[in-house]
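Hello,

Please find the structure below, handed over for your use. My notes on it follow.

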Amino acid sequence: MAEIILNVEVRDGAGTGAARAVRREGKVPGVLYGGGKAPVNIAVKMNEFRKSLYTGKLLGHLVTLQHGDEKQSVIAKAVQFHPVTDEPVHFDLYRVDEHQLIKIEVPVHFKNHDISVGMKKGGSLEVIRHTVELACPADKIPEELVIDLASHDIGDTIRISEVKLPEGVKPATDRDFVIATLKASSAAQSDAGDTTAEA
């Protein structure tokens with residue numbers, strides 16, 4: 001099962017007033033959706049929720065929900081934060097089967113900027129998508145997609161087809177969409193212009 005266990009209690013009432021009352025008790029209100037069942041209003045103790053959230057393994061990961069003796073697999077899809085204090089104020093969970101195929105956004109990161117052929121020439125990386133929607137089993141969600149820039153030159157377009165995905169994981173769409181491009185920076189272009197002018 002998942003690494004994180006959220007101990008929840010079912011809360012009465014919905015709406016802003018009920019949620020505010022839950023927060024006054026030192027808990028974070030949330031809603032459990034999906035699985036062909038009606039939504040359920042739930043709450044988790046603030047300190048427990050915060051601890052799970054800051055592991056970095058809550059959002060977009062398979063989590064075990066525990067209510068009394070009952071356990072079930074869920075995905076944390078969204079967390080809302082207070083605009084001033086940055087404290088979590090609400091969350092949404094979705095019921096899933098561990099091996100169920102789900103669609104989920106995964107962050108994209110890049111490595112080897114310092115040895116990239118194009119970056120060494122003064123190129124700049126323009127990121128089109130900071131996250132990519134993937135279709136994957138709920139228990140095989142990648143933490144991130146890492147793209148190696150080492151061999152990329154100025155003018156290269158990095159598409160989803162060149163990213164090695166884990167087994168059983170595929171893009172949520174059939175299109176071979178662009179994730180990033182390596183462009184000539186204005187400084188690199190002006191250097192090239194000066195060289196041409198001198199020649």
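**Notes on the model**

Strand 8 (residues 101-111) runs parallel to strand 11, and the two pair over 4 bridges; two strands pair if DSSP finds at least two bridges between them. Helices (H or I, at least four residues) and strands (E, at least two) are DSSP runs, numbered from the N terminus. The model is predicted, so local features need pLDDT of at least 70 and side-chain atom pairs count only at pLDDT 80 or more, while totals for chains, interfaces and linings use all residues. Residues are numbered from 1 along each chain as its sequence is written, and side-chain values use heavy atoms, with hydrogens and water left out.

His-109 has Val-146 in strand 11 as its bridge partner.

**Positive phi**

Asp-86 is not a glycine, yet has a positive phi of about 65 degrees. Asp-86 sits in the loop between strand 6 (70-81) and strand 7 (88-95). Its relative accessibility is 51%, so Asp-86 counts as exposed (buried means under 20% relative accessible area, exposed over 50%, partly exposed in between, with a 1.4 Å probe and protein chains only).

Asn-112, also not a glycine, has a positive phi of about 65 degrees. Asn-112 is in the loop between strand 8 and helix 3 (117-120), and is partly exposed at 26%.

**Aromatic rings**

How many aromatic pairs does the structure hold? There are 2. Rings of Phe, Tyr and Trp (its six-membered ring) pair if their centres lie within 6.5 Å; planes under 30 degrees apart count as stacked, over 60 as edge-to-face and the rest as tilted.

Tyr-33 and Tyr-94 are stacked, at 5.4 Å centre to centre with 25 degrees between the planes. Tyr-33 is in strand 3 (residues 27-33) and Tyr-94 in strand 7, so this pair ties together parts 61 residues apart in sequence. Tyr-33 is partly exposed at 28%, and Tyr-94 is partly exposed at 31%.

Phe-49 and Phe-91 have ring centres 4.7 Å apart and planes at 25 degrees, so they are stacked. Phe-49 lies in helix 2 (residues 46-53) and Phe-91 in strand 7, 42 residues apart. Phe-49 is buried at 1%, and Phe-91 is buried at 1%.

Regards
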